[in-house]
Amino acid sequence: MPERGRLHLLAGLAGTAGALFLPTGLRAQNYGAEQLRFFRIGTASTAGTYYPIGGIIANAISNPPGSRSCDTGGSCGVPGMIAVVQSTEGSVANVQAIHQGSLDSGFVQADVAFWAYKGEGLFADRGPMDNLRAIANLYPEALHLVIRRDAGVLEVADLAGKRISLDREGSGTRVDAELILKAYGLSPDDLQVSSLPAGQAADAVRRNELDGFFFVAGTPANAIANLARDVPITLLPIRGEPAAQLHRTYPFFAAHGIPAGTYRNIPQTETLAVGAQWLVGAEADADTIYEITQALWHPSTRRLLDNGHPKGSRIRLETALDGLGVPLHPGARKYYVERGLIGTE
């Protein structure tokens, strides 16, 4: 099998990682002259952006024993490493698993990372998860509020009494959805609430079993793009004073626009966004995290990101340190110091 095909297969298998009996944690196994290392990347629902982006990054940092060398057109990842993506409940579940040591790394919304590290907000009753560390900020994630056009909902206040999914308990989307509702004078009790992940929520909208759903994801999100081709939908704007107040209270929120044409028949939509960040535990080996960071920003990874997903082009070295809610891992810091992006202090 061609080298890139092997790596795509490995990333593709990650969706069933629970059935693969892969080692938990970063462990080494002898494989001839090399050591085979597994590294898992927690993502979220397969309907969102984390999962496909995770697959691209897993391909980029993988370099299984026996691979052709980078300078001969082979893998430019970490020698001996196989990275796999794992579908999870999302940001909240990922920080908990990283903190507990049951997941090597994960993608996490900037707001969730901040609260978890500080032990505030959603995590006030759990205490600080102060062993969380960052590899990089990746790209902005837009707050989507998807509504059937025939639901009679023109603004957020109209959600009262409607059948709306806030996403799963433990997801970053759920956290932000409740903040949005509060900013507009609503609570979950004012709605007919479901707790479905985006893919299932989109299916329920198709069947007219839901009026809409919240989803925080990079654009375009597959679940929404597919739904827009099947059912007339719209995106409600998140703007005005409630949005401004959210930004003043929670600086990790940023004003964001979803361009016209991102989804079929949906115009430019004002909303909010948070950064998607790649986290690990402080206990992770510094040399390994340095190699992973180096592989993330290798020129060959640039090509994979640009060609593999529309959001991949937004993952840039120059924004890798933007809006980090937790400290850098020492291995990642070493790389950014070498590149001159931060000082030695």
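How many of the 12 residues of α6 are buried? I counted 9 of 12, so α6 is mostly covered, where buried means under 20% relative accessible area, exposed over 50%, and partly exposed in between (1.4 Å probe, protein chains only).

**Ground rules.** I am working on a predicted model, in which local features need pLDDT of at least 70 and side-chain atom pairs count only at pLDDT 80 or more, while totals for chains, interfaces and linings use all residues. I number residues from 1 along each chain as its sequence is written, and side-chain values use heavy atoms, with hydrogens and water left out. My helices (H or I, at least four residues) and strands (E, at least two) are DSSP runs, numbered from the N terminus.

**Helix α6.** I listed the buried residues of α6: Gly172, Thr173, Arg174, Val175, Asp176, Ala177, Leu179, Ile180 and Leu181. I then checked the length of α6, which covers residues 172–183. The expected span of a helix is 1.5 Å times one less than its number of residues. Just after α6, I noted a positive phi of about 80 degrees at Gly185.

Most residues other than glycine have a negative phi, and most peptide bonds are trans. I looked up two residues against that background. Asp167 has a positive phi near 80 degrees and lies in the loop between β6 (163–165) and α6. Its relative accessible area is 4%, so I put Asp167 down as buried. Asn208 also has a positive phi, near 60 degrees, and I found Asn208 in the loop between α7 (198–206) and β8. At 38% relative accessibility, Asn208 goes down as partly exposed.

**Cis peptide.** Which residues does a cis peptide bond join? I found Thr219 and Pro220, with omega about -5 degrees. Pro220 sits in the loop between β8 (212–217) and α8 (222–230).

**Disulfide.** I took a disulfide as a pair of cysteine sulfur atoms within 2.5 Å. By this rule I count 1 disulfide. The disulfide joins Cys70 to Cys76, with an S to S distance of 1.9 Å. I read 80 degrees about the S-S bond, and the link of Cys70 and Cys76 is right-handed. Is Cys76 buried or exposed? Cys76 counts as buried because its relative accessibility is 15%. Cys70, at 32% relative accessibility, counts as partly exposed.
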